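Visitor: I'd like to learn how to read side chains in a structure. Could you walk me through one?

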Amino acid sequence: MFKFSGIPIQSLFLLSLALLLVCFTTSAQVRVPFEPRSPKSDPSKKNYRINGDFLIIGNTNLTLEDYDDFKMNDNQMVYTSAFQGGSGNHINSSGAELRFPEVSGIDHQCTEVLFAGLYWTGRSGESRMVNITDQGATRTLDKQQITFQGPRLGQKVNLLTEENNIRFPEGLDPANDVGIFVGYQDVTDFVKFNKEGFYAGIDIALVQGTDYFFGGWSLIVVYENPILPLKDITVFDGFAYVRGDFPEEFVIPIDGIQTREEGDVRVKVGIMAGEGDVAASGDFFSIERGVGTNDFVPLSHPLNSSDNFFNSSISVGNTGRIPSFRNNTGMDLATFYIDNPNNELIANNQTSLRFQYGTVWDTFVIYNLTIAIDIDEPKIEGFHQLISVNGDTAVPNSFQPADELTFHVDIRNLGLEQLRSNRIELKLPRGVELISAEGTNFQQPVTTTVTQTLEPSGVRTLSWELGNLDPSADVFEVLARLSYTIRITDNCELISTLCGATVSLDGLLTGVRSSTGQSYGEVPLVIEKEESAVCLRTDGTAGSIDLRLDVFDFFQSNCLNLQDRSIEICNLSDMSEVSMELLLNYFPQGTRFFDQNPLESNAQEIGGSSGNPFPAVAGITFYASFNENEIGCFVPFNFTENTLSVSILIDQACVSTDGLRAFEPEIKGFKPTTLIYLNDVLVDLASIQRLAPGDYVLKVVDGNCLVEKEFTVRSFEGFDITLMQEKSIFENFCPGGRKGVIFLEVTGAAEFELLELRGFPTRGAPFVRSIRNPTAGEYEFGFLGAGRYQWRLTTIDNCILEGEAFIIDSDALFIPADFEFIGNPDSQFSGFLIGEAIQHQILQPPLFTEVFWDFGDGTTSTLDNPIHRYQDKGVYTVTLSLVDGNGCTQEVVKTIEISSGSLRMPEAFTPNGTGRNRYFFPVFIELETLVFRVYNRWGELMYFTTDPQAEGWDGRSQGKDSPAGTYLYKLDYKIIGEQPKSIQGSFLLLK
């Protein structure tokens, strides 16, 4: 409480109420809003749902020089330094013991600190930095700093917090909360290391005197232990300032909680406050009855009263303090359960709380409010364990076909209420067979049977109605047990899908809460629990028991139809690839194949759906992997070939003296044991040399190799095809001409399928002319050039008649035509320009009677060697056509490119004044503009001009001859009618 300087509180009580109303103002404000305090290691964490609790310790670092249980701090305040660790060079110190409460059956070696937050508070100088004189020495302390000492030897840290963590006002006036400051620092790791014992808060920036000074420190610790009940704990902190002389109220809402569904609701509160006075009544801390009632009920704990809640008391359980005062002159620390008979204040299923605080006479700051709600949560555990394999308790890493495995599921009730109608379901996957199953509820005399059902997927479900489970005084007591034994299958069809596989056993528990009659949900079985000589945790890792199967050796020895890992295939070399249909005669469905060890990184899958054909090659090792999703189980194999092939030759003659055709089968791989069947009749080769027309099936059998051929012996038909010499033309007078003609005559009553004429000309590509289903008559094939021509007539029975003839070119002298372009002989350019006279000259002229030129620009000429001028630049196609005395025409085609101008650069010059090549300059025609520069090797400009008529560089610079060597040029220019261009290069100056 803030008081007028020099006036004791006893005198203030004697003042009239009117005077007090005149002299005091009232305020109640939250300077820093109350928010959940997260640990530094996890800023997102807002609360702790744990088997555990919280505790608060702390002490005052200022006390009365003339101590009294009921004096307030308007008397002379002095430093406390009674704690041994705070003596010596320290100005003030105090200690408090961190000791976890004793609970029946608990072992605190299993207790783990989850969070620890250190607070320090006080009222001292106006500024952050406080000058302190003590025993003749002056020191400066920082309000934002504290030294914190742990129980382990040498464990001491200097902590400096930020300005906004939590509040450090400047000044001692009411507008600055009368100078009360609060600091905070996360010390979780420090407390985890130091564990239980005495902690000390040292050298808080406090001053001695009579100006209502106070100060001290406090620590909140959230911890868990598996033996403790489940709680939901939230640590709030902020800065709620209250000062007044008549009732002032303020509400702190707490949201996001959940009280138990039924039964007694228990809520534990922890609170930290500063500057509450022992002799100033009228301050209170209340809780709302229910939700939204605005009916607030005052709270208290054993060391205070409901009308003087903040009274400088420290009520945090049975922990030691040095010094240990009843009156802590401004430090209020408390933990207590809210009295809630018949859930009058806090109901079942309540999700929020509201606290109200205020004062009539006092001044104080609340800076921590911690809420712990007992959670009524049923907790059942089924501990699933593999007990033995084939009667041996040593468990291998993998399991083989026919192994028998025994399991236990130990069931415990870890909660505080009876769980009814409990049921366990366990899934047994494909690949395992149930041998036996038995369930025992140790709390009930009658044991029900374990049943099993088979699902369409092949999974079996074990079910056991195990009855009720009462809570036990020993939470680790096994209340029921399901024992079962399974066998790993040795069925080859199943094993083929299990090679390298892992099968999983998992299950769950269901049942009903006795308190609500509602289901507690589906609880998965636990497969791992942390056990040691000290601690046995009640929580565990839920999941399935995974069994790695080692079935490959068994599968290879007992289930594969492979002799010496070799597969004999009939006529392997004749195959382009091996079909999966053939391979699956030796391997189970779903087998995958690889070109090398499938565990190698560059192994390539072949066959099946891989998109890569299976090579039909003997003597190469391939690999078969038997599990579609696992390549760790595989066997190498190869192919051997059984060569057996049959080819059939049948006489295709169109006539016969005996009505039979010669028949000659050729059998490769024939052995004395080879059997031959003709139309399913066993025969020998000598008996089937000539066959009558008809349809036949020839079968050749050698062991596992069968070759079957269907063939037809055709009947005989009389027909003919002849060349009509008198109508055909066999000579072309124009070389390369196409005036040859072949006439053919077809006779006979046969039914024809095709008449073909195949041409092999001396010029051009071979070709075929066909007539489908011809009939008897004459057929003309014209427009033929010189070359060889063959004809073939085929009946529908594939009886064939063939013949050929030749067409030749005339022996007249033939000279191929050609021509060239001749331009200005004095021109320095290799190309042709617009308007230049260009002669079109015939070369090696043949004997021709007519000539025709097409210049490609829309003009023509009939002169032998005309001169032509082009008026526009471009590329033109020139065509020369000649006709000779035989009327044969030749045609020659060439292209000519016409430019509007031209430019070239010399490669060297000799500026010695002796004649030509004295200057270096571009040589051009039809140039419109230029910018010409010459540089030496160091980039120095030697010559520059923009005049197209200039003579060029004379090899001199600054009046001196330049040395011989390499020089550089750059030229920007534009030829008339064209786009601007730039070139650059090098040249030689020669002497």
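Visitor: Is arginine 37 buried or exposed?

Guide: First, some ground rules: this is a predicted model, where local features need pLDDT of at least 70, side-chain atom pairs count only at pLDDT 80 or more, and totals for chains, interfaces and linings use all residues. Residues are numbered from 1 along each chain as its sequence is written, and side-chain values use heavy atoms, leaving out hydrogens and water. Buried means under 20% relative accessible area, exposed over 50%, and partly exposed in between (1.4 Å probe, protein chains only). Arginine 37 has 18%, so it counts as buried.

Visitor: Which side chain does arginine 37 join in a polar contact?

Guide: A polar contact is a pair of N or O atoms within 3.5 Å; within protein, one must be able to donate a hydrogen and the other to accept it, and residues adjacent in sequence count only if both atoms are side-chain atoms. Here the partner is asparagine 165, at 3.1 Å.

Visitor: How many salt bridges are there in the whole structure?

Guide: Look for a side-chain nitrogen of Lys or Arg within 4 Å of a carboxyl oxygen of Asp or Glu. The search finds 36. One of them pairs glutamate 433 with arginine 487, the closest N and O atoms being 3.3 Å apart. Glutamate 433 is partly exposed at 31%, whereas arginine 487 is buried at 19%.

Visitor: Which residues are linked in a network of salt bridges?

Guide: Arg31, Arg167 and Asp177 are linked that way.
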